[in-house]
Amino acid sequence: MTSLALFLAVLAFLLAVPIPRLLSRARFRARSPWAAMLLWQAIALAGGLALIGAPLVYGLSPFGGSLHESVAEVLKLLRAADFTALEDLHVLPTHVFALCLAVMLGTHLLLTLLRTYVRVLGSRRRHRDLVRLLSTPLDERRGATTAPNATAVDEAHVIEAEAPLAYCLPGRTHASSVTVLSRGLLDQLSDAELAAVVAHEQTHLHQRHHLLTMAFDAWYRALPWLPTTRYGREAVLELTEMLADDGAMQHHSRDDLLRSLALSTPEMSLIDDADADGPSRPA
Amino acid sequence: MATLGDLERSVMSLLWDSAESLSANDVRDRLDEDLAVTTVLTVLARLEKKNMVTRERSSRPHRYAAAASREEHTVEMLNEVLGTASDREAVLARFIGGISDSEATALRRILRSS
């Protein structure tokens, strides 16, 4: 079992440091964001399990040959408070330390996930309340003329803000989710561009991107000093945007989408980059 | 029939526009719809629970006021959104390779003007 623990430790290290670094620079992510997204999920899951598994397997090694057997043995000894038996089994302080580490790490990860979930849900509820009270539905603004072919665009809510903005707020059910557009964005976009940006936000909601970003946010909050959590969080945010772009492009022209997205990010510095590298910058 | 959400919106905009705090009776009198005071009180209680409305308990009847102005709430929302926004630049960059020179120029013009 010690060799297995060593293997898991090496695996945890590989998944925590060099692999995320490589993947965050990999070019294929722009071509197939789905594949990159699956890979990140696999890395996070396997990395987390290996991280907990390595000390767990090492700590359990003196207690029995298999995982099941040794866990049962530890629980039996704990219940009987039979600490003299530890010496007969050749349990070293390092084994006890490793076991404690594994248990604490596992608890820490679960609690952070839970805390993030509660916090995100709370601030989202607050935000939805504010949107409901402060916004007007888009169709009300345009008059009832669009009623017969009401689309997702008509269900979008408009807030009075100068900054061009578009975002979505996931709700518990799909019906309680809202897409929010700012007055400033509405003033600058044509109907086709508006439809494209709403389709982009709808793709976020349909594909449940908020769950992915929340999980990776929790993963980062739990272990912020680990390269994998930092790269993973950034990459997943970026990939959800790419996936939403792809979703929107199934029904809308790329030009409409590009214009609307470029406008809806006020502080973007794409201009300078494109000027420096020329428009043929590899993507 | 107006839903509770619609009523919350009308009551809230009344309180935002009002310079002084209002009692439930004042609110009912100023609303277009013909409502029972108990309904207004229910709506006000819901808004208080959402921290949108503050209640002055020193007076009888209790008087209600908006906890913050429309603008303050809008700023609260925008800060939250901008704080969590991801880096669009990197995401949009993947399109750059695939667009023509004239499209790229047009895109840059849009970006510059915003």
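Tutor: Contact here means heavy atoms within 4.5 Å. This is a predicted model, where local features need pLDDT of at least 70 and side-chain atom pairs count only at pLDDT 80 or more. Side-chain values use heavy atoms, without hydrogens and water.

Student: What makes H1 of chain B a helix, and where does H1(B) lie?

Tutor: Helices are DSSP runs of H or I with at least four residues, strands runs of E with at least two, numbered from the N terminus. H1(B) spans residues 4-17 and lies across S1, S2 and S3 of chain B. Its angle to S3(B) is about 85°. Axes are lines fitted to C-alpha atoms, for helices over the stretch in contact, and angles run from 0 to 180 degrees between N-to-C directions.

Student: Why are S1(B) and S3(B) called paired?

Tutor: Pairing needs at least two bridges found by DSSP. S1(B) and S3(B), residues 63-66, have two bridges, so they pair, in the antiparallel sense. B:Ser23 stands opposite B:Arg63.

Student: What makes S1 and S2 of chain B edge strands?

Tutor: The open sheet has the order S1-S3-S2. S1 (22-23) and S2 (53-56) each pair on one side only.

Student: Why is the 32-residue set called a nonpolar core?

Tutor: A nonpolar core joins buried Ala, Val, Leu, Ile, Met, Phe, Trp, Tyr and Cys residues through side-chain atoms within 4.5 Å. Buried means under 20% relative accessible area (1.4 Å probe, protein chains only). This largest core has A:Tyr167, B:Val11 and B:Leu47 as the residues with the most contacts inside it. H1(B) gives the most, six residues.

Student: Which residues does B:Leu47 contact?

Tutor: Beyond neighbours within four places in sequence, they include A:Leu133, B:Val11 and B:Met52.

Note on methods:
Residues numbered from 1 in each chain as written. Chains lettered and ligands numbered in written order. Buried < 20%, exposed > 50% of the residue type's maximum accessible area, 1.4 Å probe, protein only.
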